[in-house]
Amino acid sequence: MVAGNLEGKKPPKMRPPMRSSIACTRCRKSKIKCENTGGVAPCDSCVKTGKDCHFKLPDPVPPKRTEPPTGVRQERDGGSDRKKLKKIDEISKVDDRKGSALAEEVLSAHFLTEDLWEQVLDLYKLHFAPELPFLHLPTMKEKLGRKLKTSQPDDSSDFNLVLLGVLTLTTRFHPDLVKYLAHICNNQPGNARTRPVQTQFDPAAASEYYADILTVALGPLRTTMKVASVERVAALLMLGMYEWSQTTPKTGGLGAWMYVGAAIRMAQYLGLGFGDIPDSPDAHAKTVELQRRNPSQHSQKALSKEIKRRTMFSCFILDRMLACGKERVSIVQPEDLQIQLPCSEDKFDLAMEVPTGYLKDKTRHGLDDSVLSRFIRLVDIWGEISKFSSQGGRLIKKESDCPPWLPDSTFYQLNAKLAEFDAELPGTFTFSRSNYFKHENHQASSVYVLLHMLRCLCLIMLHREYIPFVPIRHERPKGPIDHPIFPPDKFGDPPEGFWISSAEQVFKAAREIVDLIEICQRKDKLPQSTIVLFAIWTAAFCGLYAAHFPQMDTERHMLDYDFEDSRQPESAMAEVFRRGSVAFAFVTLHKMSTWLKMASTYVGILRQMDIYFDTIKRDYFRFARKNAAAGEQALRVREGGTSGGLEEYKPMTRTLKDLGFLLPEDHDGSDGSGSPPDPVDRDALNTSTTKATKPAPSGSFTAINHTPIMPAPDNGHQFTNGGYPTPHPEVQMYADSWRNHSNAHQHHQQQQQQPQPPPNQAYPASEAMLDPSAIAAEGHDRGSWDFKKEQSRRIGEIGDLGFFSSGDSQLAVADMPFGDSSYIPALADSSYQYLQQVAEY
């Protein structure tokens, strides 16, 4: 009975082992344990969640080799060496796939909507389209629309590189993107606990995030150097332009130099500089026939060719921008560009092919003219002028034996090229307020502004070579006093009024830059590019020079500008930075430093140049009296002598003349002609920053560009809560609040009429008033959360980015490092309003 029961009872059903040799695709992707019966039925996890369960058959394992390969047998560890070599060979492929997947995941974030992309592209067109005009916005918007409407990932990884490049350049100007990036970075594992909560922010950190994503998406170095496409050239150019805008004397600009250099070589490899000059007489006839037979195909081909042209000319523009400095050699030669100039924006939008002419071959005239093509022609002239200036200007051996009024001099030839460029400029392209509004009405004001900013910059860089630097002993411009000079008995007298006319060109051009700033800021459309930044800094320096030596601005172009920054108390800022053209340019530079780190360095240098001019005038009068009493005569102007300060200029040519800072400070301390500067005496400088500027009698001079750079600014003199930048919500009221038409000019004249007593104490020499690292830190050190370049790439510290697309967060917006909810405005129609609102902190 018992035996029968035991035999009739079935044994209990045993559960299959927990570990299976295969896993379904969902569990494998989620990296969770897959409990299944060998793939014949859905796994337990998919059954519980109601998901489809799919098993992918594993790839067949190749048969094992029974005999070792012929040849020399390896040592006992040879097998592991072969595995290592195999892994190294696969690393680049794996990293490349990871970079593409990461780019796709980042670009699928929920907040990157079609409307937000419209605003981002508008910001790109405003700030970066003149230097990087290769984006065809209709095509970009059409591709983005398809990408956002489909749930499948985009196979075009190179297009994702372009999108990441656009985000890298523009995110810092968009407050909502800054907020979203702060939200995401604060929700990374461990961030909320390890990083203290901060209320201040750094908008550039948001762009830095996308810059790091872009560098990962480009792939490993060997992959990046072996894969070429037009999109990759564009991505490298955008990354290089961003890196250049963020350079400081401490970090240098090697990254931008290398990115742009790699882009140029890749563009040359792709042949982007060739293809428009026909090889046979009937080439044009074939093009016309193709257009007649298949208009759609011809339109796409014309668009592709125009994008390639614009990409190559973007390489040319950035190459000239980075080459604006001592010992910086350009790569692209204009004679090698066998492509026509870019067409007008309306023809580009409509994908129409029209002849436009060539950069150097003026015999090939085109039917279509544009501001962009004129801007590129001017960039070519600017490259020659910057090369002349950075190589020494009037100090070049050839120029020392040839006065600037003779046709054989480089100055004369470059000045003639500028005059020819102005004469050929169409009437609607010339500088005037009415012409600006004409171009602004067609959404093309940015390239118009850069055209005239660069034209004024060329005039200043060329004519300042022969303008006095410390004119204490002269009443008006009279030519150089430091050798090389041009004595009349050897070279003859210059043309009547030559020196005065040359000086006027500098201050007139600087005033045009200030007028352009005013026009653009009234419309909230000032491009935030490094060329505009360098032009504003140069104009500000010319205004500061005129404020200290008003006899040099004979027509009072910079002296009679009416402006007052009423938000700064008189005790917090020197008089020159509160009223007049310098104050207006200074306020603009300080606002730009919110987004461009390079601007913060120029802010510090400008403040210390004011101290320098004040100091050298005081030293001159103090030692001049002492020398007169002792019957001695000195040479250096700081010691009361007759020189123009050339010895103080030579060690600092890079800092004053160069656009940006290529070499870091530890490599740039010595210029080969002098010893590195000593640190500055902070206490001595702090007592001088609040003093108003005082004029001095006329005297000797050196060229304006022969200027030693100033000491590091004092971090204690920061803007107060009630000071700049806190722009008013209404643009017109904000602009009007800058000006006090009844009192500003009168007060400035009263300051100039006050006598200047000689000082009783000694001041540090110019060599001791230099600290580039502190200069850069002064303008940008706001206690903000910064992504450090010296750290490892943040992509490794971010961890899992899965929530990037979900947007779920447990952190309050007020605890974000970029700002609180009251700071972030709602999205509106106008994209550029973000630029003004980001400054309100």
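**Entry 1: one residue, then its partner.** I note at the start that this is a predicted model. I began with Tyr545. Its relative accessibility is 0%, so I put Tyr545 down as buried. I looked up Phe613 next. Phe613 also has a value of 0% and counts as buried.

**Entry 2: ring pairs.** I looked up the total and found 32 aromatic pairs. I picked Tyr545 and Phe613 from the list. Their ring centres are 6.2 Å apart and their planes stand at 70 degrees; over 60 counts as edge-to-face, so that is my label for the pair. I then checked where the two rings sit. Tyr545 belongs to helix α24 (residues 530-548) and Phe613 to helix α26 (residues 597-630). The pair links distant parts of the chain, 68 residues apart.

Entry 3: Which residues do ring pairs link into a cluster with Tyr545 and Phe613? I wrote down Phe469, Phe507, Phe534, Trp537, Phe541, Phe549, Tyr602, Tyr612 and Phe661.

**Entry 4: charges over rings.** I turned to Phe549, one of the cluster residues. The charged end of Lys617 sits over the ring of Phe549, 5.5 Å from the ring centre. I found another case at Phe348. There the charged end of Arg310 sits over the ring, 3.9 Å from its centre.

**Entry 5: salt bridges.** I counted these next: the structure holds 31. I followed Asp368 to Lys347, where N and O are 3.9 Å apart in a salt bridge. Asp368 is in the loop between α16 (345-349) and α17 (371-390), while Lys347 is in helix α16, so this bridge ties together parts 21 residues apart in sequence. Asp368 has a relative accessible area of 11%, so I marked it buried.

**Entry 6: a bridge between distant parts.** Lys525 and Glu440 form a salt bridge, with the closest N and O atoms 2.7 Å apart. I placed Lys525 in the loop between α23 (498-522) and α24, and Glu440 in helix α20 (residues 433-441). They are 85 residues apart. Both Lys525 and Glu440 are buried.

Entry 7: Asp515 and Arg511 meet in a salt bridge at 3.2 Å, N to O. Both lie in helix α23, four residues apart, about one turn of the helix. Arg511, at 22%, is partly exposed.

**Entry 8: a network.** Last, I went back to Arg310, which sits over Phe348. Salt bridges link Arg310 in a network with Asp276, Lys305, Glu306, Arg309, Glu345 and Glu353.

Note on methods
Residues are numbered from 1 along each chain as its sequence is written. This is a predicted model: local features need pLDDT of at least 70, side-chain atom pairs count only at pLDDT 80 or more; totals for chains, interfaces and linings use all residues. Side-chain values use heavy atoms; hydrogens and water are left out. Rings of Phe, Tyr and Trp (its six-membered ring) pair if their centres lie within 6.5 Å; planes under 30 degrees apart count as stacked, over 60 as edge-to-face and the rest as tilted. Helices (H or I, at least four residues) and strands (E, at least two) are DSSP runs, numbered from the N terminus. Buried means under 20% relative accessible area, exposed over 50%, partly exposed in between (1.4 Å probe, protein chains only). A charge sits over a ring if NZ of Lys or CZ of Arg is within 6 Å of the ring centre and within 35 degrees of the ring normal. A salt bridge is a side-chain nitrogen of Lys or Arg within 4 Å of a carboxyl oxygen of Asp or Glu.
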